[in-house]
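The sequence and structure follow.

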Amino acid sequence: MKMNVPIISVEEGADIEVRAVELLAKRGLTITTAESCTGGLLAGRLVNVAGASGVFGRGFVTYANEAKEEELGVKKSTLARHGAVSKQTVKQMARGAAAHAKADVAIAVTGLAGPEGGTPEQPVGLVYIGIYYLDRVYWQECHFSGTRMQIRQAAVVNSLHFLIALFGCNPEIKGV
């Protein structure tokens, strides 16, 4: 299900991981991560929080397509047809991460952090975020700008913001 959550800046996302971990702990949920362009930064933000081990057990860094296939079960045909940076791939990453980690929630991130590799159809800064919960994947397409590190950091902050927004505004999830 496509979502349209407003993008926030890295500065606005200071300590956002604390809110995310508290939200998950309050609901008794576990989370895992499946990261491509962020390369573990998302998992790193979560484990910055004291007590994160109560909600986070493991994460997956699947930078190469082969890793996405082997670790997360992303279909080779999906990667061939849609590419690694696509809503189809991020949805399979999120589902696969949740299944392999036996987690209630999974956040997946795939994108083009640059500085090279972009095309007019898939420019540098294009990032897909997917969140798996209750057998559904909610996803969002984002466009960030800046240096490679700024794009990666923006993807992490906005992944956590998406999680918080999803649990805060979706009537199917609220109160879980």
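Arginine 95 is partly exposed, with a relative accessible area of 37%, whereas aspartate 135 is exposed at 54%; buried means under 20% relative accessible area, exposed over 50%, and partly exposed in between (1.4 Å probe, protein chains only). The model is predicted: local features need pLDDT of at least 70, side-chain atom pairs count only at pLDDT 80 or more, and totals for chains, interfaces and linings use all residues. Residues are numbered from 1 along each chain as its sequence is written, and side-chain values use heavy atoms, with hydrogens and water left out.

A salt bridge is a side-chain nitrogen of Lys or Arg within 4 Å of a carboxyl oxygen of Asp or Glu. The count comes to 2 salt bridges.

| Salt bridge | N to O distance |
|---|---|
| Glutamate 17 – arginine 45 | 2.6 Å |
| Aspartate 135 – arginine 95 | 3.1 Å |

Aspartate 135 sits in the loop between strand 4 (126–133) and strand 5 (136–143), and arginine 95 in helix 5 (residues 87–101), so this pair ties together parts 40 residues apart in sequence. Helices (H or I, at least four residues) and strands (E, at least two) are DSSP runs, numbered from the N terminus. Glutamate 17 and arginine 45 are both buried.

The largest nonpolar core has 41 residues; such a core is a set of buried Ala, Val, Leu, Ile, Met, Phe, Trp, Tyr and Cys residues joined through side-chain atoms within 4.5 Å. Helix 6 gives the most to this core, with 12 residues. Another core, apart from it, has 21 residues, including Leu72 and Val137.
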